[in-house]
Amino acid sequence: MAIVKTQAAPRSARVKAARAMSNINSPAHRGDARLAWILILPALVGFLAFFAYPTFRGIYLSFTKFTVFTPPQWIGFDNFVELAGDDVFWNSLFVTLYYVAIVVVVGTFLSLVTAVVLHRLTASTVVRGMIILPFLISNVVAATVWSWILDAQLGIVNIAIEALGGESIMFLTSRGWVIPAVAIIGVWKSLGYTAIIIFAGLQTVPASIYEAGRIDGASEPQMFRRLTLPLMRPILAMVLVLNVIGAFQVFDLIQVTTKGGPANASLVLQSYIFGKAFGQFDFGYASAMALTLFVFLLIITFTQLRLLRASESDTN
Amino acid sequence: MKLQRIVAGAAFVGLVATMTACSGGGGGDSASGTVNWWTWDEKQAASYEKCLPGFEEANPDIKVTISQYAVDDYFTKLTAGFVSGSAPDAFQNSVPLLGAYAGQGQIMPLDDLIAKTGFDTSVFSVGLDSWKYTDGKQYGLPLDWAAAAFYFNDDAVTAAGYTADDIKNMTFDPETGGTFGEIVAHLTVDANGVRGDEPGFDKSNVKTYGVGSLASGDFNGQTSWNGLVSSTGWRLGDKASWPTKFNYDDPAFAKTLDYVRGLADQGFAPQFGQFTVGGAEQLGSGSVAMVEGGSWDVTTMAKVPGLKLGVAFMPTGSDGRSVISNSNANNIFVGTKNVDATWKWVTYMGSEACQSAAGVDGTFLPSIAASMQVAADAQAEQGVDLSPFTDALANDELYAAPPTVNGQEVVDTITPLFEAYFSHERDNDVFAEMAQKTEEIFAK
């Protein structure tokens, strides 16, 4: 390796000259390309094997009838025609959007508040570190523990509600509550992570700006709205995009807490796709749904980035 | 150039490693080696361990590994195993999945093996026909059979002025509920000690429900509503096997299910989704006086501390007593590398020796009559009464769950509709839709 390095250093110094002479095919340059390919190779193999190939195969499978054990059979757009008329699919899309909406709105708001409170009120690294703890717990463990906490009979939440004179709420077993309840678990899980990202962003805002604000007589909420928010826009945009994509990927929380019940009230798209593929062996149809979800996500993310002008803050 | 050598070296090592890994799994001649067997029931896994010494003594070259995976993951794991070729050599399977596995060519027809080794399938007194696929071939050897029963708290029954015989001889009709309805109402007690059939009963503050929830999303209602509706002469499928429709659109079905849902509305049974713990916990904690459960629950129920348990079979209706029953069976994976050894293990599990050895635990009801008797006697000594089940079998009061095609799709489609019905999102108009959906799915 040492040899390679010492050879590379003077070569890179010569690159500019080489480019100026537009002598790209010089033997020295060709050697660079080879090294570059070797260095890229591991990542490239990973990308091709675990990303590109499955994606294209998934797209291909969505136009087939495929039950795993027999070769796929080309059926054109039949899966998509069936999809358009599949009530369960549209219901699960709605359920997913409902979940995403709650997670994104509540999650972003709470993580912003948490980050600002951390930033303005405490310098303790222990407290700051504790915020991220839920993020470190596996989703399955979190979901299992929360399903006990929210249990209609034995859950501590309902015991508290009953002690206060209320009636026990079937958080995970009634249609009205199930998605908000799972969404709260999702928010609790991701809150620390997004709060830390925002917190890091807050630290980049110079204290002098707040000093200036204070001199001009701005109150704490005013400074938050007029100073913090505009300066934080790129960070918030990123948090928003992360939250949306993360929320769309919900699966394990649902699988552990409700399995899509009651009466499909929490059947998110991922669960439906999973059930079709691994329960009913209908991999063609499941692929068609996955492709549709992929297209939705692409459109949503693209629109979001454009609308939020994520690459620029309001400083300039 | 040095780099090249490193890369080449690494590649070579990788190649050799892969080759040795491959050759490691490939070996294995006839009737020796390792047989992997899976079940989803942890209690049965422990019981069947008792068959191992006898089997390995007779077949010293074969090693059997029993693995158990929780039922929630079991079939997913199995599917993944089929796809990757790493499925167990043989495994316990449930009737609704016969259609999928046999139809997709993932399990072996056993007729040739049966003929070749002269295995006598007549040892099974129940369950054999449920494991014939539409091609008429035998794909499974029965392991067990199961039925449902009402488990009741004998003290609560006595306190209500009934005897155990009253519970064992309940009658049912969907109009009035029969003596079943009377008993359930009377066994229900609210927080002030007022019984369900007495004036001043507070249905929103019930201490002990007369019966555990009979509302279930289960497509055949095996341990919930099935016994009640089957007592009216209703049957799940329009044919005994490979039906083209499930008879959810029968008016008698809607009437009975309305009655079942009404029990919760009257406060005689918990609301759908209200209780999250199992029947044994509900009965043991005194939340219910009676609960329906599977025959596989009987040993658990009998061991609930402080509970004097009674077991009763289904109530008698206009068409007598009847409930759906199912038989799990052993299937053999087509990808098994060791057919002979696997067949030896599967047939040993289907022998009186193994069924009796494992059956004495009462964790399942053996499919072989002689072993069933051994199991019943052993359990009777421990104070567990299996006679409601054995009597039902003897009196022909069980009907086999029909094997179907696309079983999993039926489950996924029907379960949410039942849940919608029991949580009052839908009314009994849902049943016609359910019947129609089953017709569509079976026709696929």
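Modeller: Helices (H or I, at least four residues) and strands (E, at least two) are DSSP runs, numbered from the N terminus. This is a predicted model, where local features need pLDDT of at least 70, side-chain atom pairs count only at pLDDT 80 or more, and totals for chains, interfaces and linings use all residues. Residues are numbered from 1 along each chain as its sequence is written, and chains are lettered from A and ligands numbered from 1 in the order in which they are written.

Colleague: Ok, how many bridges join β1 and β3 of chain B?

Modeller: 2 bridges, between β1(B) (residues 33–39) and β3(B) (residues 90–93), and the strands run parallel. B:Trp38 sits opposite B:Phe91 of β3(B).

Colleague: And what's the strand order in that open sheet of chain B?

Modeller: β2-β1-β3-β12-β4, 5 strands with mixed pairing. At the edges are β2 (62–68) and β4 (141–142) of chain B, each pairing on one side only.

Colleague: Switching to helices, which residues of α17 in chain B are buried?

Modeller: In α17(B), residues 387–394, they are B:Pro388, B:Phe389 and B:Ala392. Buried is 20 or more other C-beta atoms within 10 Å of a residue's own, exposed is 12 or fewer, and partly exposed is in between, with C-beta atoms placed from the backbone.

Colleague: Why do they line one face of the helix?

Modeller: Seen down the axis of α17(B), the buried residues fall within an arc of 100 degrees, so they line one face. That arc is of the directions from the helix axis to the C-beta atoms.

Colleague: What do they pack against?

Modeller: β6 (148–153), β10 (309–312), β13 (365–366) and β14 (398–400) of chain B. Just after α17(B), B:Asp396 has a positive phi of about 60 degrees.

Colleague: New topic: how many residues of chain B are in contact with chain A?

Modeller: 23 residues of chain B, against 21 of chain A. Contact means C-beta atoms, placed from the backbone, within 7 Å.

Colleague: Which helix of chain B gives the most to that side?

Modeller: α18(B), with 6 residues. α1 (2–26), α4 (71–84) and α18 (407–422) of chain B each supply at least two.

Colleague: Last one: which residues does B:Val211 contact?

Modeller: Leaving aside neighbours within four places in sequence, B:Val211 is in contact with B:Val184, B:Leu263, B:Phe268, B:Ala269, B:Val288, B:Met290 and B:Val291.

Notes:
Contact = placed C-beta atoms within 7 Å. Pairing = 2+ DSSP bridges.
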